[in-house]
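These are my notebook entries on a set of local features that I looked up one at a time.

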Amino acid sequence: MKKWLAFLASIVAFSWVAWRLVSPSAPAEEGGAIMVYCAAGIRPPVETGAKSFGRSVELSYGGSQTLLATAELSRKSGKGDLYIPADESYIQIARAKGLLAESVPLARMRPVLAVRKGNPKGIRSVADLSKTDVKVSFPSAEATASGKLVKAALEKAGRWAELDARKPVSKPTVNDVANDLKLGVVDAGFVWDATVRQYPELEAVKVPELEGVTATITAGVFKWSARPAAALRFARWLASSDRGGPEFAKEGYEPAGGDAYEETPTILMFGGAMLRPAIEPTIQAFERREGCQVTRVYNGCGILVGQMKAGTRPDLYFACDQSFMAEVKDRFPAPRDVSINQLVILVQKGNPKGIAALKDLAKPGLRVGIGNEKQCALGVITQETLLQTKLREPVEKNIVTRLPTGDLLVNQMRAGALDAVVAYLSNAAGSVDALDAIKVDLPCAMATQPVGVDPSSPRRQIASRLVDAFLSEESKATFKSEGFRWKQE
């Protein structure tokens, strides 16, 4: 009876641990209105989204560069949650300044030359803007995304100098340019193609100088946001294929194709067991900030690949080695390498068996454990290393166990059931009190860990942001503290 009760207790304990590993952290609720700095040229769909979102959203409009400068000044006061400029280039500038954490692509648009309906001045080209009777309005190249893109395109085509010589009227936003045209104050102006759709009094003139020039509208979340989960929910709403996306399309923009909207999305991640200590802190922080849930399944990569081939479709897969990612490359066609892990020989503290290198694992009487090559990357790399060093047969006679994860091998060592195991350096990170690690310094003893997103996933956008989190500086510090090397270095 006592044995039976003990068995039940162990099952309960195991179930609790397993639940902790896969159960998501509940995101905290955040109060207050979401403060958004939004480019004036994309006001209509963002304003509509704010009204239908179901939560208070404060919108501040202006030119993309002007808003960026305002946001920088607001950094100390912690004011502002989202920055939505009219072009991705401003998101890149904000990132370089250390202002943004996450970013969510929303839509695309293109700069065009616009005139009043019917084109009363017969403007057919950029050259026509030099006519003495043509008045031109131009969005500020210093304050707006449209002005910056148009100026760059005209400079490239050798047309900027002649336009600049005409001293066009400079306006702080494309809306101001459109209003000038609507009122007949000017005869031509540069605006977005979506702006023309929103002003029935205007029409666009196709000019070759602007052919192929595209702006990507992206929402960025400020690092200092007091309500990042709420801000990201609003960004997901605007980007979503079923909420904000149709509003962008109706107003003349090209939606970027975001995930369908979910208040609290749940993504499924498969991860090699050895990665758990290095990625858990990042996942937990991601859940809290994003307001989502990540269901993670950790196991030997051979087992995980088997589950995927049997039909399970995780949104993303973080593999222990490139070889196991290659087995499911049809599902994850564009993986990104994150880290490198090295094989080590783990021995009891003080190394009582005098093991100094792989060849010593062939000493008579040793009890050796390795990874199972059919179940995990550790086993595959161990076998390849033994094969290349011509030690496979000599060591084979001492191998008493093959397990699916390095953690299980470490547990066997700590229990005194083995004299030595071949594991990863990261497996040794939490056992320095009981075990010593001897590095295997061979090129074949290195494993590279890639992560990939399934492009067919209905949650591919949020899964991609989790990949970005894995590649962040904060994640890098965690990986290195757990014994991994950073692939980018």
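**Entry 1: Aromatic rings**

I began with a cluster in which ring pairs link Phe-318, Phe-470, Phe-479, Phe-484 and Trp-486. I took two rings of Phe, Tyr or Trp (its six-membered ring) as a pair if their centres lie within 6.5 Å; planes under 30 degrees apart count as stacked, over 60 as edge-to-face and the rest as tilted. The model is predicted, so I note that local features need pLDDT of at least 70 and side-chain atom pairs count only at pLDDT 80 or more, while totals for chains, interfaces and linings use all residues. I also note that residues are numbered from 1 along each chain as its sequence is written, and that side-chain values use heavy atoms, with hydrogens and water left out.

How many aromatic pairs does a search of the whole structure find? I recorded 14 aromatic pairs. One of them is Phe-53 with Trp-237, an edge-to-face pair at 5.4 Å centre to centre, with 80° between the planes. I located Phe-53 in the loop between α2 (43–52) and β2 (57–62) and Trp-237 in helix α9, so that the pair links distant parts of the chain, 184 residues apart. For these names, helices (H or I, at least four residues) and strands (E, at least two) are DSSP runs, numbered from the N terminus.

Are these two residues buried or exposed? I used three classes: buried is under 20% relative accessible area, exposed is over 50%, and partly exposed is in between (1.4 Å probe, protein chains only). Phe-53 counts as buried because its relative accessibility is 11%, and Trp-237 counts as buried at 10%.

I then looked up Tyr-83 and Phe-222, which form a stacked pair at 6.3 Å centre to centre with 20° between the planes. Tyr-83 lies in strand β3 (residues 82–84) and Phe-222 in strand β10 (residues 215–222), so this pair ties together parts 139 residues apart in sequence. Tyr-83 is buried, with 0% relative accessibility, and Phe-222 is also buried at 0%.

**Entry 2: A charge over a ring**

I found the charged end of Lys-148 over the ring of Tyr-90, 4.0 Å from the ring centre. The criterion is that NZ of Lys or CZ of Arg is within 6 Å of the ring centre and within 35 degrees of the ring normal.

**Entry 3: Two helices**

I examined helix α9 (residues 228–239) and helix α11 (residues 276–290), which pack at an angle of about 70° with their axes 6 Å apart. Axes are lines fitted to C-alpha atoms, for helices over the stretch in contact, and angles run from 0 to 180 degrees between N-to-C directions. The angle makes α9 roughly perpendicular to α11; angles under 35 degrees count as roughly parallel, over 145 as roughly antiparallel, 65 to 115 as roughly perpendicular and the rest as oblique.

Which residues meet here? On the α9 side I listed Pro-228, Ala-229, Leu-232 and Arg-236, and on the α11 side Arg-288, Arg-289 and Glu-290. Contact means heavy atoms within 4.5 Å.

**Entry 4: Positive phi in two lysines**

I noted a phi near 55° for Lys-167, a positive value in a residue other than glycine. Lys-167 is in the loop between α6 (160–165) and β7 (169–171), and it is exposed at 67% relative accessible area. Lys-390 has a phi near 60° and is placed in the loop between α14 (377–388) and α15 (392–396). Lys-390 counts as exposed, with 73% relative accessibility.
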